[in-house]
Amino acid sequence: MSEVSEKKTAEKEAMKKLRAARKETIKRAADKMKKQKNAIKDIKKQLKDKAGTVPEIAEATGIPSSEVLWYLAALKNYGQILEGEKDGSYFRYKWAGNAPEDPGE
Amino acid sequence: MPKILKFDALVIGAGIAGLQAALDLADQDFKVAIVEKDATIGGKMIRLSKVFPTLDCASCITTPKMAAAAHHENITLFTYCDLQSLDRNGNGVTAAVRQKTRFVDEEKCIGCRQCEYQCPVYVSDPEQGGFSGRKAIYIPFSNAIPQIALMDVENCTLCGKCARVCPTQAVNFFQEPQDFLIEAQTAVLATGFEVTPLENKQQYGEGKIPNVITALQMERLLAPHGPYNRVLRPSDGMEPDSIAYIQCAGSRDKSMGVPYCSRVCCMYAIKQAMLLSGALPLADITIYYMDIRAFGKGYEQFFQNAKAMGIEFVKGKVATISEGENGGVRLHYESQEDGGGVTSAEHDLVVLSLGMVAGWNPDGHCRISTGSDAFIKTVKPKIAPTLTEMEGVFVAGAAAGPKDIVDSIVEAGAAAMEASKYLASLNRSVKAVA
């Protein structure tokens, strides 16, 4: 076995051990990620063709409005959401076309 | 045997007081180490929107000091480090310090944030008051110093995307904490403050009533790089028409264990109210207060300006808060005006002006005690307010008690001067012996 492949095998083994040691936290984080992916997918579906306000998105997706706003703020931070026009007391949000990363996909 | 690093002076805490003390010492050619518990320097001040009474942009006036400290040839920064102990050692002090694990190699990380963009897990971002999400691997904020990523292992799935995308192979899942010692001749404690926890007051909903937020959260809503880039109600994204401040929500309140005045809440509430008047010109802004303490230079005029701008000041202590209609918040208070009496009012958004509590308890770390207020005890509070019980160890800023930014900077200069005098006296002793 070459030195490079030996190193790779050792790294894989170490990662395996680390995964076993962090089993509980990985499961919690993975469950959270799965829930987030579903929520983002639902929000994206609502906003892909038409801009929406937080209450509109909340009603269409069934996600509580405070969570919708949290997701919109987080996604806006990473360039996936754009703020649109004001509609009454609310702003409209739309999906950004050229998102650098899209966990909803 | 842990690594030993030697400096003339050690500063604990890299908030505005710690940075000022370090810069004042470093400018006198002393070699200074700064130990900071957070992943970035800048303390509370870098997280603020603007400062009173000048309404200067907090970031604009803090960032130069952060950069000056980071680039100063006589200053070495140790961020994301915990102070384990601080002991006298002959003529100086020895600090045992633990470098916490970033799981990112500090030497290799170039702060490109590619790991952050690729990470698939979102985590509530305390730097944005919890109103937005960051990733499980992240750089604290855009003007953080140093620009080094760190990993939140509690939210990491070990998917490895961050490591694969990193152009410098800086991600290290196996990093361990590193212990080291800092030996210095003198030290300045600038450990700052925290705010009284929102959960501590049952009458104010213990943090469970929607649209009741803290003043530090409002700072983020008002900041240029805030979570929404504007002021919105966190429950549903509505632009609020009516905002209320509850003064002394975490100070002068024995039931919360904080009987003292926090000295800054009146002024920061007035400042935020003025900023809100600019951000939301049509909104009604009301401040419920017991009495306004505008004692600093220019503060009374600032208060009068706020009244002239149309901000309403209602004299009365809010007793309880309850959920109102359509996401509103109902305040129940005893008015001390217009004949008095128990009354109530509803607002779209309510801000609790929480007080200041000690940021660090020296118990178990060093032989310095605290006063009845839990802040670091000073031995000559009138004539030398930066002296602590430990020889050669001084205190600056909110570590010694609640104070505003101006007083913190002044006290940091005083602490640096005391430390400088102490260093000079040690050098004189050495020369006399020689």
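## Helix packing in chain B

In this predicted model, helix α1 (residues 16-26) of chain B and helix α8 (residues 405-433) of chain B cross at roughly 35°, and their axes come within 8 Å. Helices (H or I, at least four residues) and strands (E, at least two) are DSSP runs, numbered from the N terminus. Axes are lines fitted to C-alpha atoms, for helices over the stretch in contact, and angles run from 0 to 180 degrees between N-to-C directions. The crossing of α1(B) past α8(B) is right-handed; a crossing is right-handed if the near helix is turned clockwise from the far one by less than a right angle, and left-handed if anticlockwise.

On the α1(B) side, the residues that meet α8(B) are B:Ile16, B:Ala17, B:Gln20, B:Ala21, B:Asp24 and B:Leu25. Their counterparts in α8(B) include B:Ile405, B:Ile409, B:Ala412, B:Ala416 and B:Ser420. Two residues are in contact if their C-beta atoms, placed from the backbone, lie within 7 Å. By class, the contact of α1(B) with α8(B) has ten nonpolar, four polar and two charged residues. Ala, Val, Leu, Ile, Met, Phe, Trp, Tyr, Cys and Pro count as nonpolar, Asp, Glu, Lys and Arg as charged, and the others, Gly among them, as polar.

## Basis of the model and numbering

Residues are numbered from 1 along each chain as its sequence is written, while chains are lettered from A and ligands numbered from 1 in the order in which they are written. As this is a predicted model, local features need pLDDT of at least 70 and side-chain atom pairs count only at pLDDT 80 or more, whereas totals for chains, interfaces and linings use all residues.

## The parallel sheet of chain B

Five strands of chain B form an open sheet with parallel pairing, in the order β6-β3-β2-β14-β24. Two strands pair if DSSP finds at least two bridges between them. At the edges stand β6 (75-78) and β24 (393-395) of chain B, each pairing on one side only. Direction ignored, neighbouring strands of this sheet are turned by 20° against each other on average.

Within the sheet, strand β2 (residues 9-12) of chain B pairs in the parallel sense with strand β3 (residues 32-35) of chain B over four bridges. B:Ala9 has B:Val32 in β3(B) as its bridge partner. Helix α8(B) packs on the sheet and touches β2, β14 (186-189) and β24 of chain B; the direction of α8(B) makes about 170° with that of β14(B).

## The mixed sheet of chain B

A seven-stranded open sheet in chain B has the order β16-β22-β17-β18-β19-β20-β21, with mixed pairing. Strands β16 (212-214) and β21 (341-347) of chain B are at the edges with a single partner strand each, so one side of each has no neighbour in the sheet. Neighbouring strands of this sheet are turned by 40° against each other on average, direction ignored.

Strand β18 (residues 284-289) of chain B and strand β19 (residues 312-323) of chain B run parallel and are joined by four bridges. Here B:Thr286 stands opposite B:Glu312 in β19(B). Helix α5 (residues 215-222) of chain B lies across β16 and β22 (349-352) of chain B, at about 85° to β16(B).

## Domains of chain B

The domain assignment of chain B gives domain 1 (3-100 + 177-192 + 359-433) and domain 2 (196-355); such bounds come from an automatic or database domain assignment. The C-alpha centres of domain 1 and domain 2 of chain B lie 32 Å apart. Eleven residues of domain 1 of chain B are in contact with 16 residues of domain 2 of chain B. By class, the side of domain 1 of chain B that touches domain 2 of chain B has five nonpolar, one polar and five charged residues.

## Chain A and its contact with chain B

Between the chains, 26 residues of chain B are in contact with 28 residues of chain A. The side of chain B that touches chain A comprises 16 nonpolar, seven polar and three charged residues.

Within chain A, helix α3 (residues 54-61) and helix α4 (residues 65-77) pack at an angle of about 115°, with their axes 9 Å apart. α3(A) and α4(A) are therefore roughly perpendicular to each other, a term for angles of 65 to 115 degrees. A:Val54, A:Pro55, A:Ile57 and A:Ala58 in α3(A) meet A:Ser65, A:Val68, A:Leu69 and A:Leu72 in α4(A). By class, this contact of α3(A) with α4(A) has seven nonpolar, one polar and no charged residues.

## Backbone geometry in chain B

Most residues other than glycine have a negative phi, and most peptide bonds are trans. A cis peptide bond joins B:Phe52 and B:Pro53, with omega about -5°; B:Pro53 lies in the loop between β4 (50-51) and β5 (56-57) of chain B. B:Leu55 lies in the loop between β4 and β5 of chain B, and phi of B:Leu55 is near 60°, a positive value in a residue other than glycine. A cis peptide bond also joins B:Ile145 and B:Pro146, with omega about 5°.

Conventions
Angles under 35 degrees count as roughly parallel, over 145 as roughly antiparallel, 65 to 115 as roughly perpendicular and the rest as oblique.
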